[in-house]
Amino acid sequence: VIVIISLYIAEEGFRKWVDINVFRKDILSENTATIDLNVDKNNQIICFGKYIGILTEKNLKLYNLSGESITDISVDINTAIFTQNDKYLAIAEKKGQEFCLILDKTYLWKQKVDGEIQQIYVNKNGYVAIVTTDTTYKSIITLYDSNGKQLLRNFMSSTRVIDVSISNDNKYLAFAEMDTSGTVIKSTIKIISVEKASTNSDQAIVYSKEAGTSEMIVKIQYQEKDDLICVYDDVVKAIKDNEESEVVSKDDTMTFVSGNLNNSIAYIKEEQKGIFDSSSTLNIKNTSNNQEYKYSFDEIAKEMYTYGNIIGINIGTEMYFVNTNGMLIKKYVSKQEITNVMMSNNLAIIIYKDRIEIVNL
């Protein structure tokens, strides 16, 4: 038993054989639970926690892992921007003023803001950040606690917010902004102390770092230990205790990069073995201890999806779901091209024009 376990951990080829032939981790499209879609309606789809939600005509219908309808929630939103984190789901009206928060199957509260909503973000504790714009300011960030109480507002007259994230301890709000007013585009990352914002707004910004002239910020994300992962167009950096360090540098073989994980970053590198022979390797680096894991496959990745401790790799008609330790969770096989995938901690959904197929992770 010890030898077999050791081989499974150490030998990738043996592990893949066991995953497919012993653990039966392959899932065929026809064997999944399915939700049929009305193609005549505007179906806006999201998954969060252990539920799948379909918003049509201001009604959010929730389904379980078996594809069974369990409840309906009325929301005053037509064209939605979704954001989800664990059991929380926040929904905003795109370029509108309404937004609301849902916990599990319960509608918690709604709010209305001035201006137009551009972005929305929720952390695992239900704290919500809204990015709006109006005729005076390019960007306004407003933070609410899990009860809908406004905690702070930050106004930017000449810069546009690219991304926003809230720490897991609710103490910090980080945002990336871009200044296009000058001849050179500038990207800056700032961190606001929620406590200081409520007592002394002049000292609220506790960290500010302008990126180099060749660096363009793409995405920021607070991870489990409240390390802020910053994905630029050419490098990934981490901000820990207000100190910035490089995690990985991008190169021409790197096709997809993500820091939207609990405690890791993931990136895919391609290798051209011959004219018609290419392979890819998923590289996972733990940002807490710098330990690295790999998962290789003999295809070119078309898309990568990340959430929590799960990485999804789309190779066309197949999806690999791998955890952040480099172990295969499930492999989904379809009869048609896969173009739209969403994930939560418990499930993945493969979205087609007329149906949703559910993969239990």
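A search of the whole structure, which is a predicted model, finds one cavity of 30 Å³ or more. A cavity here is a set of points on a 1 Å grid over the protein atoms alone, where a 1.4 Å probe fits but cannot get out. Rolling a probe the size of a water molecule over the atoms shows where empty space is left. About 40 Å³ of space lies in the largest cavity. A volume is the space filled by probe spheres set on the points, which are joined across faces, edges and corners.

Lining residues have an atom within 4 Å of a point. Among those of the largest cavity are Val75, Phe99 and Lys110. Five lining residues are nonpolar (Ala, Val, Leu, Ile, Met, Phe, Trp, Tyr, Cys or Pro), three are charged (Asp, Glu, Lys or Arg), and none is polar (the others, Gly among them). Strand E9 gives the most, with three residues. Strands are DSSP runs of E, at least two residues long, numbered from the N terminus.

| Strand | Residues |
|---|---|
| E7 | residues 80–85 |
| E8 | residues 88–93 |

E7 and E8 pair in the antiparallel sense over six bridges; pairing needs at least two DSSP bridges. Alanine 80 has glutamate 93 of E8 as its bridge partner. Two residues lie between the strands, and aspartate 86 in the turn has a positive phi of about 60°. E7 is largely enclosed by the rest of the structure, because five of its six residues are buried (under 20% relative accessible area, 1.4 Å probe, protein chains only).

Residues are numbered from 1 along each chain as its sequence is written. Local features need pLDDT of at least 70, side-chain atom pairs count only at pLDDT 80 or more, totals for chains, interfaces and linings use all residues, and side-chain values use heavy atoms, without hydrogens and water.

Conventions:
Buried means under 20% relative accessible area, exposed over 50%, partly exposed in between (1.4 Å probe, protein chains only). Helices (H or I, at least four residues) and strands (E, at least two) are DSSP runs, numbered from the N terminus. On a 1 Å grid over the protein atoms alone, a cavity is a set of points where a 1.4 Å probe fits but cannot get out, and a pocket is an open set with protein on both sides within 12 Å along at least five of seven lines; lining residues have an atom within 4 Å of a point.
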